[in-house]
Amino acid sequence: MLARSGDVVMVEGNAYFPDSAIRPGVLSPTETRTVCPWKGVASYYTVTVDGVVHRDAAWTYRRPWPLARRVAGRVAFWGDVDVRIDHGRHTALDGVGGADDDER
């Protein structure tokens with residue numbers, strides 16, 4: 001998953017990467033949905049990297065509520081997804097852990 005550093009939006013400690021920056025084949029949509037009181041309905045993805053599968057390890061707000069419009073068209077990952085700088089770009093690699101309560 002790749003994004004230029006200037007394209008990352010930080011909200012509540014989570015980095016939201018543009019949809020267009022995500023490497024094809026890494027994300028698979030799941031049926032999981034949650035509601036944040038100010039961002040709206042979150043839809044989740046399974047993240048598959050190097051054959052390792054992490055269910056519901058990424059989320060997006062397809063139609064965020066007005067106060068959260070900055071996250072529209074972006075994907076965030078659980079805090080333990082390893083994001084590294086590689087040639088001036090962020091690369092989300094592997095490893096998944098917990099999340100903020102309002103994201104799950």
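Predicted model: local features only at pLDDT ≥ 70, side-chain atom pairs only at ≥ 80, totals over all residues.
Phe17 stands opposite Val75 in β7, and that is where I would like to start, with β3 and β7 pairing in the antiparallel sense over three bridges, where pairing requires that DSSP finds at least two bridges between two strands. Residues are numbered from 1 along each chain as its sequence is written, and side-chain values use heavy atoms, with hydrogens and water left out.

Staying with β3, four of its five residues are buried, buried being under 20% relative accessible area, exposed over 50%, and partly exposed in between, with a 1.4 Å probe and protein chains only. β3 also pairs with β2 in the antiparallel sense, over three bridges, and here Val9 has Tyr16 in β3 as its bridge partner. The hairpin of β2 and β3 has two residues between the strands, and in it Glu12 takes a positive phi near 50 degrees.

Stepping back to the protein chain, we find zero helices and nine strands, where helices (H or I, at least four residues) and strands (E, at least two) are DSSP runs numbered from the N terminus. Of its 104 residues, 44% count as buried.

Tyr16 comes back in the largest nonpolar core, which has 24 residues, and of these Tyr16, Leu27, Val47, Trp59 and Phe77 touch the most other members; such a core is a set of buried Ala, Val, Leu, Ile, Met, Phe, Trp, Tyr and Cys residues joined through side-chain atoms within 4.5 Å. The strands β2, β3, β4, β5, β6 and β7 each supply at least two residues of this core, and β5 gives the most, with five residues.

As for β5, it pairs with β4 in the antiparallel sense over seven bridges, the two forming a hairpin with three residues between them, and Pro29 stands opposite Tyr45 in β5.

Together with Val35 and Trp65, Val41 forms a nonpolar patch on the surface, with about 270 Å² of accessible area, computed by the Shrake-Rupley method with a 1.4 Å probe, only the protein chains shown counting as cover for residues.

Notes
Patch = residues over 30% accessible without salt bridge, like charges linked within 9 Å, V, L, I, M, F, W, Y side chains within 5 Å. Salt bridge = Lys/Arg side-chain N within 4 Å of Asp/Glu carboxyl O.
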